[in-house]
Amino acid sequence: MATKASIITLPNPTLRERSHKVREVTDATRQLVHDMESATLDWEASRHHELGVALAAVQINRLERVVVIRNDFEDKEDRSFLALINPEVIQTSGKPEYDHEGCLSVLDIYGLVPRYPAVKIKALNLNGQEIRVKAEGFLARVLQHEIDHTNGLLFVDHVTDKNGFFHLNEDGHLQAIPYSSVEASGILSESL
Ligand code: NI
């Protein structure tokens, strides 16, 4: 069974690898999705102020293009997820907007990241059927973040400002952290 201990974190180099396309959706794929959901919920159980929003397979060390996204971002009691196999962005609209992001694979660091305000994606569902999802706002941001994972990219790669990194305080508020400490943590692929 997958737990929060199954989640790999930067600077683990696997997170920078491109995941492989799923050729056929099988029981093994559904088991992988189940493991990803368990790991996310187990992680969440250890956090007071956060919801386990989404996870990509690479984050439990499986280089397959699979992501899971929480169906309800507001309600911790709703423990269900949407699974997307081989997801890809097919259309973006609007100008990128900045907002804070975190990641289960980036310990205790948050960043200001630009994302398109609206996207259209296509993917396979757990029955192997093609589906399309149109999203805006936070869901659009989450989809871009997760699809990035399948391509070996992390949110820290999109932070463009040395003042764009934060910690979460014990009271749940974000506080800017010095760029030197981010650089020293070894999570950046290149310095700003
Ligand atoms: Ni992430």
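The second largest pocket has a volume of about 210 Å³. The model described here is predicted. The largest pocket has a volume of about 690 Å³, and a nickel ion has protein donors at Cys103, His145 and His149.

**Second largest pocket**

- The lining of this pocket includes Ser46, Arg47, His48, His49 and Glu50, together with Asp108 and Tyr110.
- Also in the lining of the second largest pocket are His167, Leu168, Asn169 and Glu170.
- The elements that give two or more residues to this lining are E5 and strand E8 (165-168).
- By class, the lining of the second largest pocket divides into 2 nonpolar, 5 polar and 4 charged residues.

**Largest pocket**

- The volume of the largest pocket is about 690 Å³.
- This pocket is lined by 31 residues, of which Leu51, Val53, Gly102, Tyr110 and Phe138 are the closest to its centre.
- Strand E4 (97-103), strand E5 (106-115) and helix H2 (137-150) are the elements that give two or more residues to the lining of the largest pocket.
- The most is given by H2, with 6 residues.
- The lining of the largest pocket has 14 nonpolar, 8 polar and 9 charged residues.

**Nickel site**

- The nickel ion has as its protein donors the SG atom of Cys103 and the NE2 atoms of His145 and His149, lying 2.1 to 2.3 Å from it.
- Along the chain, the donors follow the spacing C-x41-H-x3-H.
- His145 and His149 are separated by about one helical turn, because they are 4 residues apart in helix H2.
- His145 has 7% relative accessibility and therefore counts as buried.
- His149 is also buried, since its relative accessible area is 0%.

**Backbone features**

- Most residues other than glycine have a negative phi, and most peptide bonds are trans.
- The peptide bond from Leu10 to Pro11 is cis, with omega near 10°.
- Pro11 belongs to the segment before helix H1 (27-45).
- Asn61 is not a glycine, yet its phi is positive, at about 70°.
- This residue, Asn61, lies in the loop between strand E1 (54-56) and strand E2 (66-70), and its 45% relative accessibility makes it partly exposed.
- Asn86, which is not a glycine either, has a positive phi of about 50°.
- Asn86 is part of strand E3 (residues 81-93), and it counts as buried because its relative accessibility is 9%.

Terms used: Residues are numbered from 1 along each chain as its sequence is written. This is a predicted model: local features need pLDDT of at least 70, side-chain atom pairs count only at pLDDT 80 or more; totals for chains, interfaces and linings use all residues. Side-chain values use heavy atoms; hydrogens and water are left out. On a 1 Å grid over the protein atoms alone, a cavity is a set of points where a 1.4 Å probe fits but cannot get out, and a pocket is an open set with protein on both sides within 12 Å along at least five of seven lines; lining residues have an atom within 4 Å of a point. Grid points are joined across faces, edges and corners, and a volume is the space filled by probe spheres set on the points. Ala, Val, Leu, Ile, Met, Phe, Trp, Tyr, Cys and Pro count as nonpolar, Asp, Glu, Lys and Arg as charged, and the others, Gly among them, as polar. Donors are N, O and S atoms within 2.8 Å of the metal (3.2 Å for Na, K and Ca); water is not among the atoms, so sites may look incomplete. Buried means under 20% relative accessible area, exposed over 50%, partly exposed in between (1.4 Å probe, protein chains only).
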